[in-house]
Amino acid sequence: MSDSNLTKQALANSLKALMEEKPFEKITITDIVKRCNLNRLTFYYHFKDKYDLMNWIYYTETAQIMMQNRTFDEWADCLCALCYYMQENKNFYLNALNTTGQNSFPEYLLQYIRDISMALVEGRLNKEKVDEKETLFIIEFFSQAIMGLIKQWAQDNMQLDPRNYVNIIKAIIEASMQHELFR
């Protein structure tokens with residue numbers, strides 16, 4: 001790992017540790033750099049602000065999970081892997097899900113779920129002619145539903161096993177989507 005990536009990782013670990021203790025909104029750059037014995041200049045050499053650092057964490061930690069299995073047949077496995085990862089890093093992701101605004105984790109996760117929903121719809125359509133506006137509405141509907149269910153699972157302290165929870169979501173989503181697209 002390069003020195004730059006080691007520094008970024010130290011800052012990320014510092015932020016994650018702080019988020020175990022207090023909400024993201026109450027964490028300052030000073031808190032982050034103090035915890036990992038770096039200075040503010042070093043922080044700003046690598047990141048614009050704490051939101052930029054937070055996004056780097058999402059991208060580096062969840063991108064590999066999110067980029068796998070975006071196909072029609074395997075989307076639930078990918079969502080399940082993400083939920084297990086969130087469960088392993090529970091306090092950080094509970095805090096991250098409660099952080100709102102541009103480039104927040106909920107926004108990042110929703111875009112990922114939209115991509116999954118798009119793959120699901122495209123996999124179901126198989127060259128069928130369906131109204132584009134209606135298709136976009138269906139994609140957004142299911143994206144928001146899945147996002148809401150993931151947030152609810154997290155707010156319930158991530159107690160349910162991700163595999164079982166995602167399988168329930170998968171069954172409902174796939175049956176509903178099939179019905180909506182071909183009614």
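Helix 5 passes helix 8 in a right-handed crossing. Right-handed here means that the near helix is turned clockwise from the far one by less than a right angle. The model is predicted, so local features need pLDDT of at least 70, side-chain atom pairs count only at pLDDT 80 or more, and totals for chains, interfaces and linings use all residues. Residues are numbered from 1 along each chain as its sequence is written, and side-chain values use heavy atoms, with hydrogens and water left out.

**Helix 5 against helix 8**

- Two packed helices are described by the angle between their axes and the distance between the axes.
- Helix 5 covers residues 75-88 and helix 8 covers residues 132-155. Their axes come within 12 Å and cross at roughly 30°.
- Axes are lines fitted to C-alpha atoms, for helices over the stretch in contact, and angles run from 0 to 180 degrees between N-to-C directions.
- Helix 5 and helix 8 are therefore roughly parallel to each other. The cut-offs are under 35 degrees for roughly parallel, over 145 for roughly antiparallel and 65 to 115 for roughly perpendicular, with the rest oblique.
- Which residues of helix 5 meet helix 8? They are Trp75, Leu79, Cys83, Met86 and Gln87, and they meet Ile146, Ile150 and Trp153 in helix 8. Contact means heavy atoms within 4.5 Å.
- The residues of this contact divide into seven nonpolar, one polar and no charged. Ala, Val, Leu, Ile, Met, Phe, Trp, Tyr, Cys and Pro count as nonpolar, Asp, Glu, Lys and Arg as charged, and the others, Gly among them, as polar.

**Overall fold**

- The protein has nine helices and zero strands. Helices (H or I, at least four residues) and strands (E, at least two) are DSSP runs, numbered from the N terminus.
- Of the 183 residues, 44% count as buried. Buried means under 20% relative accessible area, exposed over 50%, and partly exposed in between (1.4 Å probe, protein chains only).
- Take the contacts between residues at least 6 apart in sequence: 68% of them join residues at least 24 apart.
- The accessible surface comes to about 10,100 Å². Carbon and sulfur atoms account for 50% of that surface. Accessible areas come from the Shrake-Rupley method with a 1.4 Å probe; for residues, only the protein chains shown count as cover.

**Buried sites**

- Helix 6 (residues 90-97) is mostly covered, with six of its eight residues buried.
- The buried residues of helix 6 are Phe92, Tyr93, Leu94, Asn95, Ala96 and Leu97.
- Pro162 lies in helix 9. Is Pro162 buried or exposed? At 1% relative accessibility, Pro162 counts as buried.
- Pro162 and Cys83 are 79 residues apart along the chain, yet their C-alpha atoms are separated by 5.8 Å.
- Leaving aside neighbours within four places in sequence, Pro162 is in contact with Cys80, Cys83, Tyr84, Gln87 and Trp153. Cys83, Gln87 and Trp153 also belong to the contact of helix 5 with helix 8.

**Partly exposed helix residues**

- Asp52 sits in helix 4 (residues 50-67). At 24% relative accessibility, Asp52 counts as partly exposed.
- Not counting residues up to four places away in sequence, Asp52 touches His46 and Phe47.
- Asp52 and Ser104 are 52 residues apart in sequence and 9.6 Å apart in space, C-alpha to C-alpha.
- Gln111 lies in helix 7 (residues 105-125). Gln111 is partly exposed, with a relative accessible area of 39%.
- Gln111 and Met147 are 36 residues apart in sequence and 9.6 Å apart in space, C-alpha to C-alpha.

**Loop residues**

- Glu21 is in the loop between helix 1 (3-19) and helix 2 (29-35). Glu21 is exposed, with a relative accessible area of 53%.
- Glu21 and Asn95 are 74 residues apart in sequence and 9.8 Å apart in space, C-alpha to C-alpha. Asn95 is one of the buried residues of helix 6.
- Most residues other than glycine have a negative phi.
- Asn37 has a phi near 55°, a positive value in a residue other than glycine. Asn37 lies in the loop between helix 2 and helix 3 (40-46), and at 71% relative accessibility it counts as exposed.
- Asn157 has a positive phi of about 65°, although it is not a glycine. Asn157 is in the loop between helix 8 and helix 9 (162-181), and it is partly exposed, with a relative accessible area of 33%.
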